[in-house]
Amino acid sequence: MSFSELHCFRSVYQCLCLLSSISNIVSSMLNYSAESPPPYISVSNVPYTVPQSPNTSVTSDIDVVAEFLKIVAKYEQNKETCKAGTQFNLGKGVIKQYGKNRFKQQALVAVNRANFLTRIWQEAEPQVLNSEYLFYTQVRNIVEGDDEIFAAGNCYDWMEFKDYYLFCPYAYRQEDGRINVKDLSVEYDYLGNTSEFFYSARLNAGKLQNFNFTNGTAQPRYNQSQHGEVIDDSSITVTYEDGHWSKPYFDCGGGDIWMMTYTVPFFGYKNGTFKFKGTSGIDIDLDKVDIDQCPQSDDATEPNVFAGSARCKPETTKCEPLRGLGFKRGSYKCVCKDGFYFPVLDQLDKYFNGSEIENEYEKKMKGVENKYDDLFAYQCFMCEPGCITCDDHSPCVLTLNWVMRSILLAISILILCGTPLLVWFTVQYRDVKVLKAASPVLMRIILLGAFFLYCPLIVGYFEASVVTCILRFWFREIGFSISYGALLLKTWRISVVFRVRSAQRVKISDGDLIKRLLLITVVCAAYLTARTIAGTPRVVEGKHVNGLKTYQCSSDWWDHSAAIAELLFLLWGVRLCIVVRKAPSEFNESRFISWAIYNETLLSLFLNVSMIFLQDPFPANPDLMYLVIFIHTQLTTTVTLAFLFGSKMYLVYKYRGKGESNGTHNTMLNKGSKPTFNAKQSVNMGSGHSNNAGCYNYTDRQEDTECDSLLEKDIQEEFRRLYTQLETLKQRNMKIGNRHLQHKLSAMTEAAQKDSPKQSPSSSPLLNGKRVIINLDLFKESSPL
């Protein structure tokens, strides 16, 4: 046949194909006896308009699955009068994705057979290529080898097998289970774009560069004991990705069932090049394909017309597809969502069967009695609070011991209510000497700090949250900076005055201390603000010893930094307490402050260490932590208030209001009184390093009144030092032989001794109108300065 004749023949063939396509379409419209599908569901390539929302399908009037099943059933019932072909399909978005996932193993058989046919048509002898029995046997073996495969075929292109117009060996399962083999091309013409399984494969095979080529060698047998020469072997090969899954269609004239087909091309070899020769394919019975009625995932690449048609109740359950139930409704199960559990505890399969739900829903649509409308039917029960997943109603979160917490809170509030009474005490008796010497203003500031230190117990009573965690941290640090900052500044003032070695008075008023305390509080507040913004406390999940979850405030390096700063601050206070341990103090206030600082240092160190063991990875117990905080607060804040205010209240209420017979106590407690002065007692008080240690707590307004007696002590101290220096100078000069200086020093000493307390009051020296009594008889030996 010449080239011009071949070109003319192909033109005629294309016209015939076009007329055949038109004829098939007309016959499908006029001759097919099945009823036409509903107008809102397409059985061609027109996209579906069925709603795709997962939730709207349950309440929609359109039952997608039911309509498709109705179409499928009507085509099967009228298959005797159908027009041969594959033009009747269910359209896109139905089952193509299932074939790619489930039937890949079966499709690989068709891929293997396509590569085998390519090599056959490349190198085989003519007697092999002309054997129709060989090709019939191949498709039969494919069906016999896998029960999942309904049919298999090798369909050749126009005039590609002998002198046949078309040739397609086709094996399929009959209703009785036997396998029948025939030439499918006798039943209908599969050329043209109406047969998707063939048209798509031929279209893809037109680009040979998209396929792989394998290179190898072959060694044919030469005789009984030798191989022949090595021959180069090269062939085009196809893979699973080179094939195509068709839309589900009714195979009229072939298997006469609804099916889906996977086809892959194979090639012939002529004039040194490969060309498309035919297709190798398998058919999957639609009854073996599962309908996916579950909501379509967001990452799905292909539409699913059945998506969202499941009847699971979305409030407590979610849909999961079931495999192997076939092309029918109910191929899913309704499992409980996270946070819910299956109501039947002893049931092995913890889900509701989709087929049963579909049957009950169908009863509902017919208006008959059903279980679908029952309130608790096909519903899961909610888990206990805090459970992400659960198997029953058992709790997942530890229940707090509210009885113990309430008792501890009541005790804390009762003690907290005592702080206003202490404030009233400092105001009511502010002019009493025992309170005046302790600076009432600073005492009230200490009470304010104590109030904040009690507040974490109130906030910690409730369950942990971000707000309560922030408030607990703020109350603790602000209260600590105010209360113990005031105590340490009072101790610092005593140490400064105690270390002065001259008669010049040191003036550190309460206002100066308050300014320094305000600076400490501002620095603490700035740190707390930075922590709240940059490292906001979190509520972390812990695990109790019994396996239940607990929730408590997080502990990070912000908390550790604050604990270290507190400890360093207290260590500085311990140093101050050691410095002033021998300093004279009215009413032993310095001693009580020192005890409070020592107590806070030790207990805070214990608390910080214990908190480490109450955090992860150790078992968490919020009730135990609340108890530890309560005990720490009582042993520190409450004990500190007892030290500072207990002794003062004792002295005030024991000696207040008694007559002159009470002597010294009455003098020290009454307003405006001056203590008597005894030079001997003053000299014996101590160390020789303090000249006015008892006057550290004066104010500007009251300094003259409160320091009268101490001024005389300062003068007496200066005379004592002068006497010591004279004695030292006397002994030194005597050693070097200055006898004349010795007589002068002795005269000066005798002159000083003449002014002893033994003289009459009238002969005592005066200083600013005040009598000064100097007694040097007590100093028998000199001591170095």
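At 17% relative accessibility, Cys336 counts as buried; buried means under 20% relative accessible area, exposed over 50% and partly exposed in between, with a 1.4 Å probe and protein chains only. The model is predicted, so local features need pLDDT of at least 70 and side-chain atom pairs count only at pLDDT 80 or more, while totals for chains, interfaces and linings use all residues. Residues are numbered from 1 along each chain as its sequence is written, and side-chain values use heavy atoms, with hydrogens and water left out.

**Disulfides**

- A disulfide is a covalent bond between the sulfur atoms of two cysteines. Here it is called when a pair of cysteine sulfur atoms lies within 2.5 Å. By this rule the count comes to seven disulfides.
- Cys336 and Cys380 form one of them, with sulfur atoms 1.9 Å apart. Cys336 lies in strand E11 (residues 332–336) and Cys380 in the loop between helix H9 (354–366) and strand E14 (381–382), so the pair ties together parts that are 44 residues apart in sequence. Helices (H or I, at least four residues) and strands (E, at least two) are DSSP runs, numbered from the N terminus.
- The torsion about the S-S bond of Cys336 and Cys380 is about -80°, so this disulfide is left-handed. Cys380 counts as buried, at 5% relative accessibility.
- Cys294 is joined to Cys319 by a disulfide, S to S 1.9 Å. Cys294 sits in the loop between strand E9 (273–285) and strand E10 (317–321), and Cys319 in strand E10, so the pair ties together parts 25 residues apart in sequence.
- The S-S torsion of Cys294 and Cys319 is about -65°, so that disulfide is left-handed. Both Cys294 and Cys319 are buried.
- Cys469 and Cys553 also form a disulfide, their sulfur atoms 1.9 Å apart. Cys469 belongs to helix H14 (residues 466–498) and Cys553 to strand E16 (residues 549–553), so the pair ties together parts that are 84 residues apart in sequence.
- The link of Cys469 and Cys553 is left-handed, with -90° about the S-S bond. Both Cys469 and Cys553 are buried.

**Salt bridges**

- Side chains of opposite charge can pair when their charged atoms come close. A salt bridge here is a side-chain nitrogen of Lys or Arg within 4 Å of a carboxyl oxygen of Asp or Glu. The structure holds 20 salt bridges.
- Arg202 and Asp157 meet through their side chains in a salt bridge (3.4 Å, N to O). This pair links distant parts of the chain: Arg202 is in helix H8 (residues 196–205), and Asp157 is in the loop between strand E1 (151–156) and strand E2 (169–173), 45 residues apart.
- Is Asp157 buried or exposed? At 13% relative accessibility, Asp157 counts as buried. Arg202 is partly exposed, with a relative accessible area of 25%.
- Asp556 and Arg531 form a salt bridge as well (3.5 Å, N to O). Asp556 lies in the loop between E16 and helix H16 (557–579) and Arg531 in helix H15 (residues 510–534), so the pair ties together parts that are 25 residues apart in sequence. Asp556 and Arg531 are buried.
- Arg178 forms a salt bridge with Asp176, the closest N and O atoms being 3.0 Å apart. Both Arg178 and Asp176 are exposed.
- Glu160, Lys275 and Lys277 are linked in a network of salt bridges.

**An open sheet**

- Three strands form an open sheet in the order E10-E11-E13, with antiparallel pairing. E10 and strand E13 (352–353) stand at the edges, each with a single partner strand, so one side of each is left without a neighbour in the sheet.
- Two strands pair if DSSP finds at least two bridges between them. E11 and E13 run antiparallel and are joined by two bridges. Cys334 stands opposite Phe352 in E13.

**Nonpolar cores**

- A nonpolar core is a set of buried Ala, Val, Leu, Ile, Met, Phe, Trp, Tyr and Cys residues joined through side-chain atoms within 4.5 Å.
- The largest nonpolar core has 64 residues; Trp121, Tyr156, Tyr190, Trp245, Tyr262 and Ile282 have the most contacts inside it.
- Apart from that core lies another, of 35 residues, among them Leu442, Phe480, Cys524 and Phe645. Cys524 counts as buried, at 13% relative accessibility.
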